[in-house]
Amino acid sequence: VNKELIPVQLLIPYDCHRLLHKIFSSGQVNTIIHSDNGTMVSALIPPALEEKVRHYIVQNLPLTTPPV
């Protein structure tokens, strides 16, 4: 198991299903939500994928319920 996985939050367009498959096959997906704009993913990915997903990184995805 790769100890150097990088945490990312991504919004992957639906037409990028190959990239999503790579994330599932080589990383660790924590949360996945299908939205109107694409697939929102919170994952740990290997450094080799970092450059490929860079354009899809977003901040503050609604993946968890905010604290009250």
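Visitor: Among contacts in the chain between residues at least 6 apart in sequence, what share join residues at least 24 apart?

Guide: That share is 59%. Please keep in mind that this is a predicted model.

Visitor: Thanks! What makes up the chain, read along the sequence?

Guide: The pattern is β-α-β-β-α, with 2 helices and 3 strands in the chain.

Visitor: What makes β1 and β3 a pair?

Guide: Pairing requires at least two bridges between the strands. β1 and β3 (residues 38-45) have 7 bridges, in the antiparallel sense, so they meet that requirement. Within this pairing, I6 stands opposite I45 in β3.

Visitor: Why is T39 called buried?

Guide: Buried means under 20% relative accessible area. T39 has a value of 2%, so it is buried. This residue is found in strand β3.

Visitor: Which residues does T39 touch, not counting those up to four places away in sequence?

Guide: T39 touches L10, L11, I12, Y14, L20, I32, I33 and H34.

Visitor: And what makes the link between the side chains of T39 and H34 a polar contact?

Guide: The cut-off for such a pair of N or O atoms is within 3.5 Å. The contact joining the side chains of T39 and H34 is 3.4 Å, so it falls within that limit.

Visitor: Let's turn to α1. Which of its residues are buried?

Guide: In α1 (residues 17-26), L19, L20 and I23 are buried.

Visitor: How do you know that they are on the same side of α1?

Guide: L19, L20 and I23 cover an arc of only 100 degrees around the axis, which puts them on the same side of α1. On the other side of α1, the exposed residues are H17, R18, H21 and S25.

Visitor: What do the buried residues of α1 pack against?

Guide: They pack against β1, β2, β3 and α2 (47-53).

Key: Residues are numbered from 1 along each chain as its sequence is written. This is a predicted model: local features need pLDDT of at least 70, side-chain atom pairs count only at pLDDT 80 or more; totals for chains, interfaces and linings use all residues. Side-chain values use heavy atoms; hydrogens and water are left out. Helices (H or I, at least four residues) and strands (E, at least two) are DSSP runs, numbered from the N terminus. Buried means under 20% relative accessible area, exposed over 50%, partly exposed in between (1.4 Å probe, protein chains only). The arc is that of the directions from the helix axis to the C-beta atoms. Contact means heavy atoms within 4.5 Å. A polar contact is a pair of N or O atoms within 3.5 Å; within protein, one must be able to donate a hydrogen and the other to accept it, and residues adjacent in sequence count only if both atoms are side-chain atoms.
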